[in-house]
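Please read the points in order, with the model in view.

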Amino acid sequence: MTLRRVGIIAGALFIGLALQTAFLGRFAILGAKPEVLLLIVVAVAMTEGPTVGLVTGFAAGLMTDSLTDLPDGLTAFVFMAAGLAVGTIRPMFQRPSAWLPAAMVGATTALALALAALLGALLGVFAGTFLRTLVRIILAAVYGMVLTPFLYPLLTRAMVRQRQVLGSVVVRR
Amino acid sequence: MLRMFDSARRLRLLLVALTVASIGLITLDARNPNGGPLDAVGGVTRVVLGPVQRALGAVARPIGAFFSGLTQGGALRDRIERLELENAELRALKEQFDDILRENEELRREAGVPSRLGLTTTVASVVGVGPSNFERVVIIDKGSRDGIRVNQPVLGNGGLAGRVVRVGPTTADVLLLIDRQSAVAARLSTNGELGTVNGKGGGTLEFELLDPRARVAEGDRVVTSGYSGGLFPAGVPLGTVIGAPLAGSNLTRKVVVRPAVDFSRISFVFIVTGRGRQGGSS
């Protein structure tokens, strides 16, 4: 973990947040926006492993929390769990596949938003109807999958110059 | 081997530390009604992010307009002509209105009734949306430097759009009426029945009438009640009753309301920066 890499991740998160709020978020599908920051967390966790994924998730969540009225720390916790989970299960997929990043982003977005909605409901902050929340979560996940081929390679390429690159998937060590 | 053990231990330590940190933040946020501990961080992020959002938003707008232009095609020319005609008509009406307004103000002064008009507004364009999928927030390109403050009412094309919830130097966040956290004191314009209009997170609003036996029909207009000292000026359109009455309790009654503002294509808003006796207008 070099300082350079920390800079790249921080820069990616910042650009991702700008993209999410000022650009992609405007093209919402039935109210569902892509979770660009989560996509970045997935890309980082896939290339750097669970520890860096965990910290990046926490940082990305903090950025989101600081800009919303949702309980501070909720998104940080959820994104952190997402980074840890992706980094941990990454070695289980030995064969590189072009679909893996998109599938990972879709599954992570769906599970992370479901966890956020559940925690939010427990904390009494967003008691939306079950169906609407479900539809929005699925749409956000699909949106993330669609964006993956465009954003994911940029991120991994920026992070892994010197590492072995197989297709769009990067193998750690 | 030793290294592996080290990294696993480091991961576990980090996990525990950051979990404790997030639970701590959630607790602190829950204990403080005026916003969470991250507000300061948000303020800093906003300062840096604001200009980027403004620039990106300016790029995104024509793209959105291009796509809607593709689908609408030749209808645009007709629309321009119709709007020009309407504009001329409105300009004539405005002159008449100004005259009546002056008369009304004079009469109010005679009768000792406080003025209800004279809103000072600032126009802003929407440059972005909030980052979360669980909030309905838009970002506008005016901030504290332009006199925008928290809780100022925001008007859209056709009615009330929401209120300012967070302010940065060059941008501000507007919580839309349709957000689940939004609630506005309202009345039916037909018979003055009082209630609150609540956001549902989706495209429609819910009007909760205080009187369960109140008479309400499809097509009835709902406007802000604007009780004295309230956040919103009185008589601003909120929406139109569309649904049959929803199930209510014995104490209240709920009906579905279609918002007056089309939130899916909101691009310009007016922020009410002042109201009362100064008598200015946009």
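1. A salt bridge is taken here as a side-chain nitrogen of Lys or Arg lying within 4 Å of a carboxyl oxygen of Asp or Glu. The model under discussion is a predicted one. In chain B, Lys94(B) and Asp98(B) form such a salt bridge, with their closest N and O atoms 3.0 Å apart. Lys94(B) and Asp98(B) are four residues apart in helix H3 (residues 75-111) of chain B, and therefore about one helical turn separates them. Over all chains, the count comes to eight salt bridges.

2. How many salt bridges are counted between chain A and chain B? The count between these two chains is one. A salt bridge joins Asp69(A) to Arg166(B), and the closest N and O atoms of this pair are 3.1 Å apart.

3. The contact between the two chains deserves a point of its own. Chain A contributes 47 residues and chain B contributes 50 residues. About 4,200 Å² is buried between chain A and chain B, and carbon and sulfur atoms give 68% of that area. Of the area that chain A buries against chain B, 16% is supplied by Arg26(A), Leu67(A) and Asp72(A), more than by any other three residues.

4. Within chain A, helix H3 (residues 50-66) and helix H4 (residues 74-89) have axes that come within 7 Å and cross at roughly 155°. H3(A) and H4(A) are therefore roughly antiparallel to each other, since angles over 145 degrees count as such. The crossing of H3(A) past H4(A) is right-handed. Residues of H3(A) in this contact include Gly53(A), Gly57(A), Ala60(A) and Gly61(A), while those of H4(A) include Ala76(A), Gly83(A) and Gly87(A). By class, the residues of the contact of H3(A) with H4(A) are ten nonpolar, eight polar and one charged.

5. The residues of the contact of H1(A) with H6(A) comprise eight nonpolar, no polar and two charged.

Note on methods. Residues numbered from 1 in each chain as written. Chains lettered and ligands numbered in written order. Predicted model: local features only at pLDDT ≥ 70, side-chain atom pairs only at ≥ 80, totals over all residues. Heavy atoms only, no water. Axes fitted to C-alpha atoms, helices over the stretch in contact; angles between N-to-C directions. Helix = DSSP H or I, 4+ residues; strand = E, 2+ residues; numbered from the N terminus. Parallel < 35°, antiparallel > 145°, perpendicular 65-115°, else oblique. Left-handed = near helix turned anticlockwise from the far one by under 90°. Contact = heavy atoms within 4.5 Å. Nonpolar A, V, L, I, M, F, W, Y, C, P; charged D, E, K, R; others polar. Buried area = accessible area lost by both parts, 1.4 Å probe.
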